[in-house]
Amino acid sequence: MIPVSWYLILSAVLFVLGVAGFLIKRNVITVFMSIELMLNAVNLSFVAFGYMLGDYNAHIFVFFVMVVAAAEAAVGLAIIMLMYHNRKSLNVDDIELLKF
Amino acid sequence: MDQFFFYMFSAVILVMALLCVTAKNAVHSAIFLIGTLLGVAGLYLHLGAEFLAGVQVILYVGGIMVLFLFVIMLVNIDQTLKEAIFSGQWKLGLIGVALLGVELVWFVAKGTGLPEKPETHAAAPAAAQLGNVQQVGDVLFQSYLLPFEIASILLLVAMVGAVVMAKKRI
């Protein structure tokens with residue numbers, strides 16, 4: 001029997017790795033992959049809490065998070081393709097139209 | 001035995017996630033992310049969520065990551081390989097990330113909010129005979145039927161949006 005706090009710490013570390021990738025990577029595709037890492041970390045803590053409480057509603061929540069992640073990946077990758085066609089670059093530092 | 005599997009899967013998850021964040025090539029990042037996702041699927045199995053483990057492998061590894069690899073193939077990756085992998089504000093980013101990590105781990109270590117074994121666990125033996133997939137299906141199509149339909153419409157909208165954006169002339 002593993003205490004639920006271990007899962008939560010693992011999930012926290014995974015989330016922090018995702019945030020790190022999101023903030024410091026230069027390639028926009030890897031930035032997008034870091035978002036998937038963060039989503040997985042949160043899903044893991046959802047399932048760990050659901051296991052602790054013996055509640056199946058957590059699984060439904062994670063299922064819907066996965067559905068939204070799939071939709072987000074499809075639209076986000078289409079945006080990345082469009083950006084590459086218009087700018088010929090994948091560097092996030094080059095996309096500065098809204099920068100102050 | 002429980003602990004062995006937990007340690008094994010968490011080691012896989014953390015090492016693969018670290019390599020995913022630090023890899024230079026986007027294809028390598030994608031492969032390492034697949035390793036992380038498979039490790040998370042293993043932990044789902046460990047937590048009694050067989051349905052989610054299956055969905056994780058089919059949807060994430062089989063769907064989303066293949067989409068990622070397709071896009072990596074379509075764009076020119078050689079140009080990004082010559083540049084530095086970390087963006088201009090990486091020092092500031094790492095400071096923020098360190099603060100966030102300390103905060104999260106501190107809260108988890110300090111927290112004593114929920115009891116380890118609440119009474120709702122007593123319902124588990126009767127429900128355990130049904131199996132996880134059947135239970136999730138029952139809940140999904142009874143209590144959560146409307147969100148399920150809304151999710152299907154969301155997927156349709158995302159599909160149409162992706163096609164409209166990626167196609168040059170419709």
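Predicted model: local features only at pLDDT ≥ 70, side-chain atom pairs only at ≥ 80, totals over all residues.

Student: Let's start with the interface. How many residues of chain A are in contact with chain B?

Tutor: On the chain A side there are 70 residues in contact, and they meet 80 residues of chain B. The area buried between chain A and chain B is about 6900 Å², and carbon and sulfur atoms give 78% of that.

Student: Which three residues supply more than any other three of the area that chain A buries against chain B?

Tutor: That's Ile24(A), Met33(A) and Met66(A), which supply 10% of the area chain A buries there.

Student: Which elements give two or more residues to the chain A side?

Tutor: Helix 1, helix 2 and helix 3 of chain A. Helix 3 gives the most, with 24 residues. By class, that side of chain A has 53 nonpolar, 12 polar and five charged residues.

Student: OK, back to salt bridges. How many does the structure hold over all chains?

Tutor: One. The side chains of Asp93(A) and Arg26(A) meet in it, at 3.4 Å from N to O. The pair links distant parts of the chain: Asp93(A) sits in the segment after helix 3 (57-87) of chain A, Arg26(A) in the loop between helix 1 (4-24) and helix 2, and they are 67 residues apart.

Student: Why would side chains like that pair up at all?

Tutor: Side chains of opposite charge can pair when their charged atoms come close.

Student: Are the two partners buried or exposed?

Tutor: Arg26(A) counts as buried because its relative accessibility is 18%, under the 20% cut-off. Asp93(A) is partly exposed, with a relative accessible area of 28%.

Student: Switching to Glu36(A). Where does it lie, and is it buried or exposed?

Tutor: Glu36(A) lies in helix 2 of chain A. At 1% relative accessibility, Glu36(A) is buried.

Student: A buried Glu, then. What does Glu36(A) touch?

Tutor: Leaving out residues up to four places away in sequence, Glu36(A) touches Ala69(A), Glu72(A) and Ala73(A) in chain A, plus Leu33(B), Tyr60(B), Ile64(B) and Phe68(B) in chain B.

Student: And how are Glu36(A) and Val62(A) separated?

Tutor: Their C-alpha atoms are separated by 13 Å, and the two residues are 26 apart along the chain.

Student: Thr30(A) is in helix 2 of chain A as well. Which residues does Thr30(A) touch?

Tutor: Not counting residues up to four places away in sequence, Thr30(A) touches Lys25(A), Cys20(B) and Ser29(B). Thr30(A) is buried, at 4% relative accessibility.

Student: Now chain B. What does its secondary structure come to?

Tutor: Eight helices and zero strands. Buried residues make up 32% of its 170 residues. Of the contacts in chain B with a separation of 6 or more, 57% come from residues 24 or more positions apart.

Student: How about the accessible surface of chain B?

Tutor: That comes to about 10300 Å², with 74% belonging to carbon and sulfur atoms.

Student: Where is Asn25(B), and what does its side chain reach?

Tutor: Asn25(B) is in the loop between helix 1 and helix 2 (26-46) of chain B. Its side chain reaches the backbone nitrogen of Val27(B) at 3.0 Å. Asn25(B) also touches Ile77(B) and Leu81(B), not counting residues up to four places away in sequence. Asn25(B) and Ile77(B) are 52 residues apart in sequence and 8.0 Å apart in space, C-alpha to C-alpha.

Student: Is Asn25(B) buried or exposed?

Tutor: Buried, at 16% relative accessibility.

Student: Last one, Ser10(B). How far apart are Ser10(B) and Gly39(B)?

Tutor: They are 7.2 Å apart in space, C-alpha to C-alpha, and 29 residues apart in sequence. Ser10(B) is found in helix 1 (residues 2-22) of chain B, and Ser10(B) is buried, with a relative accessible area of 7%.

Terms used
Residues numbered from 1 in each chain as written. Chains lettered and ligands numbered in written order. Heavy atoms only, no water. Helix = DSSP H or I, 4+ residues; strand = E, 2+ residues; numbered from the N terminus. Buried < 20%, exposed > 50% of the residue type's maximum accessible area, 1.4 Å probe, protein only. Contact = heavy atoms within 4.5 Å. Salt bridge = Lys/Arg side-chain N within 4 Å of Asp/Glu carboxyl O. Buried area = accessible area lost by both parts, 1.4 Å probe. Nonpolar A, V, L, I, M, F, W, Y, C, P; charged D, E, K, R; others polar. Areas by Shrake-Rupley, 256 points an atom, 1.4 Å probe, with all protein chains shown as cover. Polar contact = N/O pair within 3.5 Å; in protein donor to acceptor, adjacent residues only side chain to side chain.
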